[in-house]
Amino acid sequence: MNTEPLRLRLLNDYEVVVAGLRAMLEPFDDRVRVVEEDIRSISGRRVDLTLYDTFGRTLDEQRNLGELVADPATGTVVVYAWNAREAATEGDGEASGVEYLDKSLPAAELVASLERIAGRGGAPGAAAPRERPAAVRLAEPQSSWPGREEGLSVREAEVVALITQGHTNPEIAASLYLSLNSLKSYIRSAYRKMGVERRSQAVRWGIEHGMLPPRKGEH
């Protein structure tokens, strides 16, 4: 039986998101060890699993994981998303070999799910996200995100990040698996906290508060 910790890569466009994931997993480093932290780029060090956080990612980016999956150094790609069941359906995870885990999972359950995906325990398929009451599924994850210090919830921050990148409301709603009415509610609450009224003001606020991911190759 393999008792070595799983070797894990964290992948997201935002440094604060990657740092938050690392901090969340640190208490479990005897079971899952973060050995790579990538902001957009992919390194050559081989890992068992790559945890792909969807914060700030459009639906098209979430679907187009072929290059990442094809890289033998990435191990199994695990998409870490809200509404993981919907993400798996949209992304055709079974066909691509990508696994999906929901951000509502507490840290201990996330680690156990990663172990099951890697074949370190649990029954086959046990890592699939369970149905949870809406109030539990929308609980804040034990991580971090841009705008958290300014009072934005993670869902509000995801919305503002995509607004800052120039995406339309229908594009954002599709990427976050939200209805347009729910999206507008998040926008209104985020704007109140940000002290803005118009989209152009929100974009400027987002740029000033780290909501725009670095260009490829920049850190």
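Mentor: Let us begin with pairing, since two strands are said to pair if DSSP finds at least two bridges between them. The strands themselves are DSSP runs of E with at least two residues, while helices are runs of H or I with at least four, and both are numbered from the N terminus. Please keep in mind that this is a predicted model, in which local features need pLDDT of at least 70 and side-chain atom pairs count only at pLDDT 80 or more, whereas totals for chains, interfaces and linings use all residues. Residues are numbered from 1 along each chain as its sequence is written, and side-chain values use heavy atoms, with hydrogens and water left out.

Trainee: How do you know that E3 and strand E4 pair?

Mentor: E3 and E4 (residues 76-81) are joined over 5 bridges in the parallel sense, and because the definition asks for at least two bridges, they pair.

Trainee: Why is E3 called largely enclosed?

Mentor: A residue is buried when its relative accessible area is under 20%, exposed when it is over 50%, and partly exposed in between, using a 1.4 Å probe and protein chains only. In E3, 5 of the 5 residues are buried, so the strand is largely enclosed by the rest of the structure. Both of its faces are covered, with Leu-49, Leu-51 and Asp-53 buried on one side and Thr-50 and Tyr-52 buried on the other. For E4 the count is 5 of the 6 residues, so E4 too is largely enclosed, and in E1 (residues 6-12) 6 of the 7 residues are buried.

Trainee: What makes the meeting of Lys-103 and Asp-53 a polar contact?

Mentor: A polar contact is a pair of N or O atoms within 3.5 Å, where within protein one must be able to donate a hydrogen and the other to accept it, and residues adjacent in sequence count only if both atoms are side-chain atoms. The side chains of Lys-103 and Asp-53 are joined at 2.7 Å, a value within that 3.5 Å limit.

Trainee: How do you know that the structure holds cavities, and how many are there?

Mentor: On a 1 Å grid over the protein atoms alone, a cavity is a set of points where a 1.4 Å probe fits but cannot get out, and lining residues have an atom within 4 Å of a point. The structure holds 2 cavities of 30 Å³ or more, a volume being the space filled by probe spheres set on the points, which are joined across faces, edges and corners. The largest has a volume of about 60 Å³ and is lined by 11 residues, with Asp-53, Lys-103, Ser-143, Ser-144 and Val-154 nearest its centre.

Trainee: Why is Gln-62 called buried, and which residues is it in contact with?

Mentor: Gln-62, found in helix H2 (residues 59-63), has 7% relative accessibility, so it counts as buried. Contact means heavy atoms within 4.5 Å, and beyond its neighbours within four places in sequence, Gln-62 is in contact with Tyr-52, Thr-54, Arg-57, Ser-175 and Tyr-177.

Trainee: What makes the phi of Asn-83 worth a remark?

Mentor: Asn-83 has a positive phi of about 55 degrees although it is not a glycine. Most residues other than glycine have a negative phi. Tyr-177 likewise has a positive phi of about 55 degrees without being a glycine. Asn-83 lies in the loop between E4 and helix H4 (84-91), and at 10% relative accessibility it counts as buried.

Notes:
1 Å grid on protein atoms, 1.4 Å probe; cavity = no way out; pocket = protein on both sides within 12 Å on 5 of 7 lines; lining within 4 Å.
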